[in-house]
Amino acid sequence: MDWRGRRVLVTGDTGFKGSWLSLWLHAMGAEVSGLALAPPTEPSLFDVARIAELVDHTEGDIRDYATVHAAIARVRPEIVFHLAAQPLVRLSYERPVETYATNVMGTVHVMEAVRHVGGVGALVCITTDKCYENRESVWPYRETDPMGGYDPYSSSKGAAELAIAAYRRSYFQADRGTLLASVRAGNVIGGGDWALDRLVPDLVRAFEAGEAPEIRSPDSVRPWQHVLEALGGYLLIAERLVAGEAAFADAWNFGPSDDDARPVSWIVERMRAAWGGTHDATPHHGPMPHEAGLLRLDCSKARAALGWRPALTLDTALDWIVDWHKQAGAGADPRDLMLGQIAAYRARMAAPVAG
């Protein structure tokens with residue numbers, strides 16, 4: 001699809017994933033607008049990559065329906081990517097009301113505003129792999145598995161998925177102009193993520209400071225994937241929706257290959273080797289709230305219906321992250337580093353599958 005001149009709204013454009021997506025869309029020629037609170041971290045990718053120079057950004061809170069409606073009515077987007085969220089599991093234990101208000105009602109506000117403003121061909125709502133009722137099973141989760149969640153963050157995303165499904169059936173059908181999909185990615189990692197209580201950013205901070213990283217739950221297994229893998233899937237879905245292909249108005253998993261669902265301890269050692277760190281990791285000794293121990297995604301639906309596949313191994317993804325942070329730390333332009341990795345990723349996606 002030709003993205004040139006397409007009006008696109010990204011909620012959560014000041015976040016890590018939103019910044020990468022906004023830059024990718026701009027690089028393809030889209031007219032990108034954003035709606036979000038101020039950047040959530042210091043430093044932030046939105047600031048260091050100067051994303052505000054490329055995006056018609058509005059600062060606002062998706063918990064306020066009038067704000068969301070006004071932004072969509074002003075932009076009149078053809079495509080909406082809804083990424084704005086409270087994205088942290090541990091923070092959700094401290095701020096459950098904020099988490100539910102943002103992740104559930106914020107999503108409802110976006111869908112309701114799209115419904116009333118009209119003109120949106122594709123609405124892609126980003127949730128998470130943690131939306132599933134996690135039974136710590138060795139079997140990966142399919143899109144048809146039950147929603148759930150032990151902690152406030154996970155259950156808020158499961159509840160958002162239920163609201164999305166209800167809106168899809170009740171209001172967003174092919175004959176009504178808007179097609180709605182939800183997308184569920186794994187543990188997204190990449191250069192420029194400075195969030196607290198996330199493994200890879202915590203490792204980068206420790207390595208940059210020459211300190212021993214402190215880790216939680218070294219045996220926990222997650223579906224790790226580079227941010228561009230997830231965003232590539234989101235873009236594919238949006239293209240099919242805006243073309244009016246109603247079969248793609250559904251829920252979709254975008255995760256890594258089975259071999260790249262690795263334990264935390266493996267990530268730590270692989271990152272340490274790539275960085276050249278000398279300090280061994282130390283275990284976290286304080287109290288820890290419950291977090292899932294085993295989580296995998298079944299992405300066979302996206303492979304079969306979309307032709308989507310992971311283009312980066314986890315080894316390569318970690319090398320890209322180390323390279324990004326080392327070059328940025330040496331003075332390279334973060335935006336140029338992002339554009340270089342986006343171009344390299346797109347080339348890999350376009351390459352024929354070996355074998």
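1. Glu-78 has a relative accessibility of 18%, so this residue counts as buried (buried is under 20% relative accessible area, exposed is over 50% and partly exposed lies in between, with a 1.4 Å probe and protein chains only). Glu-78 sits in the loop between helix H3 (65–75) and S4; helices (H or I, at least four residues) and strands (E, at least two) are DSSP runs numbered from the N terminus. The side chains of Glu-78 and Arg-6 are joined by a polar contact of 3.1 Å. For a polar contact, a pair of N or O atoms must lie within 3.5 Å; within protein one must be able to donate a hydrogen and the other to accept it, and residues adjacent in sequence count only if both atoms are side-chain atoms. Setting aside residues up to four places away in sequence, Glu-78 touches Gly-5, Arg-6, Arg-7, Gly-119, Val-120, Gly-121 and Ala-122, where contact means heavy atoms within 4.5 Å.

2. A word on the basis of these notes: this is a predicted model, in which local features need pLDDT of at least 70 and side-chain atom pairs count only at pLDDT 80 or more, while totals for chains, interfaces and linings use all residues. Residues are numbered from 1 along each chain as its sequence is written, and side-chain values use heavy atoms, with hydrogens and water left out.

3. Arg-76 is in that loop between H3 and S4 too. Its phi is positive, about 50°, although Arg-76 is not a glycine. With 43% relative accessibility, Arg-76 counts as partly exposed. Asp-197, another residue other than glycine, has a positive phi near 60°. Asp-197 belongs to the loop between strand S7 (187–189) and helix H7 (199–209), and its relative accessible area of 36% makes Asp-197 partly exposed.

4. Which peptide bond is cis? The bond from Glu-42 to Pro-43 is, with omega near 5°. Pro-43 lies in the loop between strand S2 (31–36) and helix H2 (45–48).

5. Now to Asp-129, which is found in the loop between strand S5 (122–126) and helix H6 (152–170). Asp-129 has 0% relative accessibility and so counts as buried. Its side chain makes a polar contact of 2.9 Å with the side chain of Thr-128. Beyond its neighbours within four places in sequence, Asp-129 is in contact with Arg-184, Ala-185, Gly-186, Asn-187, Pro-223, Leu-295 and Leu-297.

6. Pro-146 is also in the loop between S5 and H6, but is partly exposed, with a relative accessible area of 41%. Not counting residues up to four places away in sequence, Pro-146 touches Tyr-132, Glu-133 and Arg-135.

7. Trp-3 and Phe-81 form a stacked pair, because their ring centres are 6.4 Å apart and their planes are at 25°. Trp-3 lies in the segment before strand S1 (7–11) and Phe-81 in strand S4 (residues 79–82), so this pair ties together parts that are 78 residues apart in sequence. Both Trp-3 and Phe-81 are buried.

8. Phe-254 and Trp-308 have ring centres 5.1 Å apart and planes at 75°, so they make an edge-to-face pair. Phe-254 is in strand S10 (residues 251–254) and Trp-308 in the loop between helix H10 (300–306) and H11, so the pair ties together parts 54 residues apart in sequence. Phe-254 and Trp-308 are buried. Elsewhere, ring pairs link Tyr-167, Tyr-171 and Phe-172 into a cluster.

How values were computed: Phe/Tyr/Trp six-rings, centres within 6.5 Å; stacked < 30°, edge-to-face > 60°.
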